[in-house]
Amino acid sequence: MPINSKSLNLNMKNNTLFSRLLTGGILLFAALTGATVSANPDIEHWRTTNGVRVYFVPAPELPIVDIRIIFNAGAARDEDNPGQAILTNGLLAEGAGGLSADQLAEQFESIGARFGNSTQRDMAILSLRTLAEKKVFDSAVGTLTTILTQPDFPKTAFERERRRLLTTLKRNKQSPGKLADEAFFNAVYAKHPYHNQPTGTEAGINGLNTAKLKAFYDKYYVGRNAVLAIVGDLSRADAGKLAETLMGKLPEGEPAGNLPPVEALAEGKEIRINHPSAQTHILVGQPGMKRGDPDYFALYVGNHILGGSGLVARLSNEIREKRGLAYSSYSYFVPMQQNGPYTIGLQTKNESADEALKVLRETIGTFIKEGPTAEELDASKKNITGGFPLRISSNKKIIDYIGMIGFYQLPMDYLDTFNERVQAVTLEDIKKAFQKRIHLDRMITVMVGGNVNPVSKK
Amino acid sequence: MIPLIKISAAALAAAALTGCATGLAKNSGTEIPAPAAASANVEKTGHITTVGDVHEYRLANGLKILIKEDHRAPIVVSQIWYKTGASYESNGTTGVAHVLEHMMFKGTKTLGPNEFSRIIAANGGRENAFTGQDYTAYFQQLEKSRLPISFGLEADRMANLNLRAEDFAKEVKVVMEERRMRTEDKPRSLTYEHFAATAFVNSPYHHPIIGWMNDLENMNVDDMRNWYKNWYAPNNAILVVAGDVDAKEVFELAKKTYGKVKPRPIPTVKPQVEFEQKGIKRIVVKAPAQVPYMIMGYKVPVVATAKTDWEPYALEMLASILDAGESSRFAKELVRGQQIATSVGAGYDIYARLDDLLIFDGTPAKGKTVEELENAIRAQIKKIKTEQVSQAELDRIKAQVVASKVYEKDSVFYQAMQIGTLATVGLDWQLMDQFVERLRAVTPEQVQAVAKKYLIDDHLTVAVLDPQSAPVAANGGHSHAH
């Protein structure tokens, strides 16, 4: 429900809980990075007979099991049909094994199980949370297996979901933030599969049919292209059985090929889009880094100082604390299979847009040129390392991490070594990494709002 | 679609009913006195009661303390809730509760602006605050050994806030940007704001939490000082702590920090009971948008105001039958079956402080109108009035609620939120333990009865978003000089 009735921001979907600070950037980053605690989760890893990589953390404290299945079948695999990945994933629960969407939903919900699915650029995800009690658990897993292995791709459901997705695309056009994000990706990834939004394009969606979805499913929803993450109240032996029951019927298949590397931007470009809004949304950025990147820790810690630590970051200090120009100003990396974006952003009333952009660019420029101070580095290290028990304090957070470690095939000691690698970052490392990788003169700048020059120019 | 969390927001995980492995907490050396002995002991021990793993204490200055022990991870969540919020505001200064929430980070007699945040950050913490209609709350999440830092800082700004005109001048601009971002440029939020202001006339739920723009523009630092002086006192606050802590030790720590803050008289809160609506209200909101949207809401009681105690639970059940997951009636019949809605939801805040609304909202499917969507929702309401809901449907909701109660235990923060929400609107926090049982007790007849009694046209407000096509297409049209 989009409305917030009794509390500022408490009920808003796709948003943070917090009202004082829009922490989108930080939370996103926190969700994608790892951290370690003295008692790190003990991750067990194996492969099923048909090649699924399984990652398991036992958590007997609560009678719950969380399951997450991730295929390398995100929107980056859309090719000529933007929207293909999200509709394929979305259709799985719309009819499977001869059961209707109504019946499948009733099977889950009559036992309190929660099924979910989502599609990003890299990943297509199915998730399940269920009580661990055997009868309930077996039933929930049975339904999930049906959805995963016997989807029917019914034509009526496809037509309906296609229309709903088109409405979503249309609605996104009324949001200056979404328009800015779309223009930003289009420009940063001009010739790369990360170009389009995971929600696809109107032309792409209209060019689809159930046969194409089925073909996409057959190609990518296979054992060797899948990661299974399990956290919960079950033994290693039961997790092994679960993995075979759930995933075993999928053909072995082939892993998806490597995505092409992202080309660096040759020159800076400013895109200005007029929109009837009170604020102008500004995004500045470029291709950033990938998972397992050699510069990961230097860039991560550096960005934490520049714009990744909320109100105590430099950007927020300059834009919000000193000048009152924006509610939220932030920067973040999204490390992906190939270089994901480095995004710096804010939103301000139309009249302040040029001033805010100027301060934003100066702040980034100074940081690249001079790097952080010793005090800033010390404060960020304390925050990152001192706070990591918070990052793995729930089953939900742990499955986020092991799903990420599994999908990107990060080292199994990723969590164990995270803090020491953060501690090892020096002032010089950050300065060097930013100067090598981040180029203010070759960034994309997107401005969407009510007072911007609509002419697209360099 | 309303998330199930809306239901489960009520259900605190403390009962043995769920069979949860955390079960009863360690008793942490605190005696659990019999109710009669409790009052006699309070003076000495501060301890009021312990139910399950939740311990209630009270300091001599009136601060209520609720502690939930959860030893799964070495972390702690500390939240301080003030019994004030947007619904305590008056015309002309709407939004003051939320602006003051921002100002609470601007320093005290001994700390500079933003230093609070820097200290928490240096301790590996995460912190923030939120303002609702019925509360204003501040929180920190920390590794458990850092709890004293949170208590010291919060107790300091409860008593010693330094409100400076120059800080206010900048911060109120930030809040205006927040308002533009959340409301002005979001057609559905804008529609909701107009809707609430139409549905409620003399209830303070009339005005938005963030305040009217004109009030923000005319606010001053004295408004801040008055608000702070009126409401920020230990006898108007509730401290909720959840995590890997020992309740007795937390209480002792609170005594040394919060215990030093002096109590103050708190203004009398007027009831502001909304008068009876005398007929349907309809409004249209024209705004730049691409997709139509509608909201309709009926006046209903909540737990805090209900004269018949089962009615709010029957209303909760009614909302869930229509919208709690993919198997509920809205998803099944309006989104999939008749394909009238792209999305449609129901919402009810059972723990509001004042009489509230049962809300339905949605976006019509491509080729359908908001009128068709409204009629389809009305037809669903009529069906509930005329046909008893099936036992299978009731059972499915109950299964979801029971499971939710277990799932909630995975989030310490969420558990603390539930305790704080209830305690702040003046409800007994132990009601949370009864939520599942009360919902399970709802009969098909009771669902029908509340539908007939409350979902009537004379108490209905409908707001429709009428999308105005943008005056300027992307990359075309007007050019503005800079």
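## Domains of chain B

The centres of domain 1 and domain 2 of chain B, taken over C-alpha atoms, are separated by 27 Å, in a predicted model where local features need pLDDT of at least 70, side-chain atom pairs count only at pLDDT 80 or more, and totals for chains, interfaces and linings use all residues. Residues are numbered from 1 along each chain as its sequence is written, while chains are lettered from A and ligands numbered from 1 in the order in which they are written. In chain B, domain 1 covers 5-260 and domain 2 covers 281-468, the bounds coming from an automatic or database domain assignment.

The contact between these two domains takes 45 residues from domain 1 of chain B and 46 residues from domain 2 of chain B, two residues being in contact if their C-beta atoms, placed from the backbone, lie within 7 Å. On the side of domain 1 of chain B that touches domain 2 of chain B, the elements that give two or more residues are helix H1 (5-8), E3, E4, strand E6 (136-143), helix H7 (187-199) and E7 of chain B; helices (H or I, at least four residues) and strands (E, at least two) are DSSP runs, numbered from the N terminus. H7(B) supplies the largest share of that side, nine residues. By class, the residues of that side of domain 1 of chain B divide into 27 nonpolar, 11 polar and seven charged, where Ala, Val, Leu, Ile, Met, Phe, Trp, Tyr, Cys and Pro count as nonpolar, Asp, Glu, Lys and Arg as charged, and the others, Gly among them, as polar.

## The sheet of chain B

Seven strands of chain B form an open sheet with mixed pairing, in the order E1-E2-E3-E7-E4-E6-E5, where two strands pair if DSSP finds at least two bridges between them. Strand E1 (47-51) and strand E5 (126-131) of chain B stand at the edges, each with a single partner strand, so one side of each is left without a neighbour in the sheet. Neighbouring strands of this sheet are turned by 15 degrees against each other on average, direction ignored; axes are lines fitted to C-alpha atoms, for helices over the stretch in contact, and angles run from 0 to 180 degrees between N-to-C directions.

Within the sheet, strand E4 (residues 75-82) and strand E7 (residues 237-243) of chain B run antiparallel and are joined by seven bridges, with B:Ile80 standing opposite B:Leu239 in E7(B). Helix H10(B) packs on the sheet, touching strand E2 (54-58), strand E3 (64-69) and E7 of chain B, and its direction makes about 150 degrees with that of E3(B).

## Domains of chain A

Chain A has 16 helices and 13 strands, and is divided into domain 1 (24-35 + 261-449) and domain 2 (44-247). The centres of these two domains of chain A, taken over C-alpha atoms, are separated by 28 Å, and 31 residues of domain 1 of chain A are in contact with 29 residues of domain 2 of chain A. The elements that give two or more residues to the side of domain 1 of chain A that touches domain 2 of chain A are E9, E10, strand E12 (341-349), helix H14 (395-407) and E13 of chain A. H14(A) gives the most to that side, with nine residues, and by class that side of domain 1 of chain A has 16 nonpolar, 12 polar and three charged residues.

## Buried elements of chain A

Of the 458 residues of chain A, 59% count as buried; a residue is buried if 20 or more other C-beta atoms lie within 10 Å of its own, exposed if 12 or fewer, and partly exposed in between, with C-beta atoms placed from the backbone. Strand E13 (residues 444-449) of chain A is largely enclosed by the rest of the structure, because five of its six residues are buried. Strand E9 (residues 269-274) of chain A runs parallel to E13(A) and is joined to E13(A) by six bridges, whereas strand E10 (residues 279-287) of chain A pairs with E13(A) in the antiparallel sense over five bridges. A:Ile444 in E13(A) is the bridge partner of A:Lys269 and also of A:Gly285.

Helix H2 (residues 84-91) of chain A is also largely enclosed by the rest of the structure, because eight of its eight residues are buried. The cover over the buried residues of H2(A) includes strand E6 (114-119), strand E7 (124-131), helix H5 (155-172) and helix H8 (210-220) of chain A.

## Residues with positive phi

Most residues other than glycine have a negative phi. A:Phe153, in the loop between helix H4 (134-149) and H5 of chain A, has a positive phi of about 45 degrees although it is not a glycine, and A:Phe153 counts as buried, with 20 C-beta neighbours inside 10 Å. B:Gln272, in the loop between helix H10 (247-256) and strand E8 (281-288) of chain B, has a positive phi near 50 degrees, and B:Gln272 is partly exposed, with 15 other C-beta atoms within 10 Å.
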